[in-house]
Protein chains: 2
Amino acid sequence: MPENDFMALALLQAEEAGQRGEVPVGAVLATADGKVLARAGNRTVAGRDPTAHAEMLALREGAAVLGAARLEGCDLYVTLEPCAMCAAAISLARIRRLYFGAFDPKGGAVDHGPRLFGQPTCHHRPEVYGGIRAPEAERILKGFFRERR
Amino acid sequence: MPENDFMALALLQAEEAGQRGEVPVGAVLATADGKVLARAGNRTVAGRDPTAHAEMLALREGAAVLGAARLEGCDLYVTLEPCAMCAAAISLARIRRLYFGAFDPKGGAVDHGPRLFGQPTCHHRPEVYGGIRAPEAERILKGFFRERR
């Protein structure tokens, strides 16, 4: 499946999260040979779980499916630049490539803030591709927050 | 319950984790009025989950018990300086005070590496007390890695 299609699936997860009243971020985990291993949207409200960001749920589900704590060779697609928690989890899970949509200057930790993958103590750095279908991810996020104001 | 007793419970969780073959780190989450809300040891191997650090499990269990994604007023006791994933989750969960045991220059993200709570984009900083019963936490960790060499 081409990269754009994985991000399209992640965008769908983001929209569905927004419809549930969650901050609309979605993630898809794909195997090295291009199969969808897990998909998730934010569930911090419904799950009553501060750690239930879309990326975390996709990583956990993927690890459960593979029966391994490391997801070597797998790629993660997420509609928003990951925060520090998720970026660190992506490193711990040994994700091969990270594709993300919108940049997040306030909460992002990949290209902003602590820039975790650039830290000397970061033991595994995925390849990173930011800004993939960013206008769509931004539209979903802006629409969600506009409605709530 | 005094601080030392919470850390004693966290050290017990660390020892039990080591007996299960997990890196021996333990955590205890306590309410503002001094009750144990959750306790956990590392479960990344058994849980096949790269995110199953003791802190994450204690935060998630505590949030489930309280039925809320934010743990305002709660304190977390952990036997090792949290990594970036766990430190960011502690901030997201709005933990009031973080007490940790051994310092971790290689993987810690509180007093080492990205020093997450000092980042300008960190929206909530707990009070931090490091080095609590550190010799015991270090003894457990060193014993575990010595046996595995």
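Which side chains meet in a salt bridge at 3.2 Å, N to O? They are those of A:R60 and B:D49. By salt bridge I mean a side-chain nitrogen of Lys or Arg within 4 Å of a carboxyl oxygen of Asp or Glu. Between chain A and chain B the count is 2 salt bridges.

Before I continue, a word on the source. This is a predicted model, in which local features need pLDDT of at least 70 and side-chain atom pairs count only at pLDDT 80 or more, while totals for chains, interfaces and linings use all residues. Residues are numbered from 1 along each chain as its sequence is written, chains are lettered from A and ligands numbered from 1 in the order in which they are written, and side-chain values use heavy atoms, with hydrogens and water left out.

Let me turn to the interface. Chain A contributes 28 residues to the contact, and chain B contributes 28 residues, where contact means heavy atoms within 4.5 Å. The two chains bury about 2200 Å² between them, 70% of it on carbon and sulfur atoms; buried area is the accessible area (1.4 Å probe) that two parts lose on being put together, summed over both. On the side of chain A, the residues that lose the most area to chain B are A:R48, A:P50 and A:R60, together 25% of what that side buries.

The elements of chain A that give two or more residues to the side touching chain B are α2 (54-66) and α3 (84-92). The largest share, 5 residues, comes from α3(A). Helices here are DSSP runs (H or I, at least four residues), numbered from the N terminus.

Finally, the symmetry. Chain A superposes on chain B by a rotation of 180° with 0.0 Å of shift along its axis, at RMSD 0.0 Å. In chain A, the C-alpha nearest the axis belongs to A:M85, 2.0 Å from it. The same surface serves both copies, since 100% of the contact residues of chain A recur in chain B.

Methods. Copies are superposed by least squares on the C-alpha atoms of residues with pLDDT of at least 70 in both.
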